[in-house]
Amino acid sequence: MSFHVLQINSQSGLCRYANASHEAPLISRCGVDQDVGAERERDSIDCILQKPDATLGLSVDTVYADYEVQFKRGDKIVLYTDGITECQNAEGKDFGDSGLMRIFAKVAHYDAANICKAIVEKSGFLSRGNTIS
Amino acid sequence: MTTDTNQLKVHKKRQGSQLFVRLSGHLNEFSKLEVEVEPGIDAYCFDLEELDQINSVGVQVWAKMMTSIPSGKQMEVQRCGLRFVNNMNLYANFMGFHSVTVGSFYAPYYCEACDDSRRILLTPEEVRATGSLVPPKKNCSGCNKLLSFDGVPAKYFMFMKA
């Protein structure tokens, strides 16, 4: 099973994390002197990236490294599974990492609930008859 | 019962001590993937051009097959798709214990003018030639305008780091 755990210090913005072969969370960086709610460029999207360690349960001897990344005020983070990137639209076209990054860049200045809503709508998940309860 | 309408097909061709394996369709919970491991086969080459999808269960099917191949063999994958590359980057045990050569792979690009995505076949050599694992410049096959890379380069090219 893949797994990603992170801990964010809301005062300092320091994030500590470990990754057991899970999708790397995406970050949208709020630019210097940019309003928190301002629209962002496509290249504002980055990801929390380190070479992942093995999946959970593979070996009791696995050592999981922990890493740090610094957040600034206004940065946004999206944690996701391959359940979203494996979605296909009505034409059978993959949403993929690329689709997720493109829509995140467009809506990163929204609040968290509306970022989620926009991603799910764009992913094609709902167009294939699925619902969210 | 759910079934897969595009089940995995495994096409094998042996030439001397080399086994060429071409996969097509979907690699998932319905897939059976085994390769011959008899003596006399020294090299395995996988053509993944037509491997359309690989889900999280398919990743385990692939890793199990890789683990079944004895160590010390020459291993190469060619024309890897986007999902395959993502899995190479994601799963520490995706290639089993083998050192695998990536001959070529597809990368995601985007054409702003056509407002459409493009898959471009790259080789590790041409990416390394950029000096710092940045995407090589490519033009749109439709309008010939410069494409933008449609991903995070440091993430997508991570499999090329030592």
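**Briefing: a predicted model with chains A and B**

In this structure, 19 residues of chain A are in contact with 16 residues of chain B. Two residues are in contact if their C-beta atoms, placed from the backbone, lie within 7 Å. The model is predicted: local features need pLDDT of at least 70, side-chain atom pairs count only at pLDDT 80 or more, and totals for chains, interfaces and linings use all residues. Residues are numbered from 1 along each chain as its sequence is written, while chains are lettered from A and ligands numbered from 1 in the order in which they are written.

**The side of chain A that touches chain B**

- Two elements of chain A give two or more residues to this side: β4 (45-47) and α2 (96-107).
- Helices (H or I, at least four residues) and strands (E, at least two) are DSSP runs, numbered from the N terminus.
- α2(A) gives the most, with 4 residues.
- By type, the residues of this side are 8 nonpolar, 4 polar and 7 charged.
- Ala, Val, Leu, Ile, Met, Phe, Trp, Tyr, Cys and Pro count as nonpolar, Asp, Glu, Lys and Arg as charged, and the others, Gly among them, as polar.

**The sheet of chain A**

- Chain A has an open sheet of 3 strands in the order β1-β2-β5, with antiparallel pairing.
- Strands pair if DSSP finds at least two bridges between them.
- β1 (3-8) and β5 (67-70) of chain A stand at the edges with a single partner strand each, so one side of each has no neighbour in the sheet.
- The twist averages 25° from one strand to the next.
- β1(A) and β2(A) run antiparallel and are joined by 6 bridges.
- H4(A) has N19(A) in β2(A) as its bridge partner.

- A20(A) lies in strand β2 (residues 14-20) of chain A.
- A20(A) counts as buried because it has 20 C-beta neighbours inside 10 Å.
- The cut-offs are these: buried means 20 or more other C-beta atoms within 10 Å of the residue's own, exposed means 12 or fewer, and partly exposed is in between, with C-beta atoms placed from the backbone.
- Beyond four places in sequence, the contacts of A20(A) include S2(A), F3(A), P52(A) and Y64(A).
- S21(A) lies in the loop between β2 and β3 (26-28) of chain A.
- S21(A) has 22 C-beta neighbours inside 10 Å, so S21(A) is buried.
- S21(A) is not a glycine, yet has a positive phi of about 60°.
- Most residues other than glycine have a negative phi.

**Helix α1 of chain B**

- α1(B) covers residues 56-68, and its 13 residues should span 18 Å at 1.5 Å a residue; the end C-alpha atoms are 19 Å apart, which agrees.
- The expected span is 1.5 Å times one less than the number of residues.
- The buried residues of α1(B) are G58(B), V59(B), V61(B), W62(B), M65(B) and M66(B).
- Seen down the axis, these buried residues fall within an arc of 160°, so they line one face of α1(B).
- The arc is that of the directions from the helix axis to the C-beta atoms.
- The buried residues of α1(B) pack against β2 (18-27), β3 (43-54) and α2 of chain B.

**The sheet of chain B**

- Chain B has an open sheet of 5 strands in the order β1-β2-β3-β4-β5, with mixed pairing.
- β4(B) and β5(B) run parallel and are joined by 3 bridges.
- E76(B) stands opposite T101(B) in β5(B).

Definitions and conventions
Axes fitted to C-alpha atoms, helices over the stretch in contact; angles between N-to-C directions.
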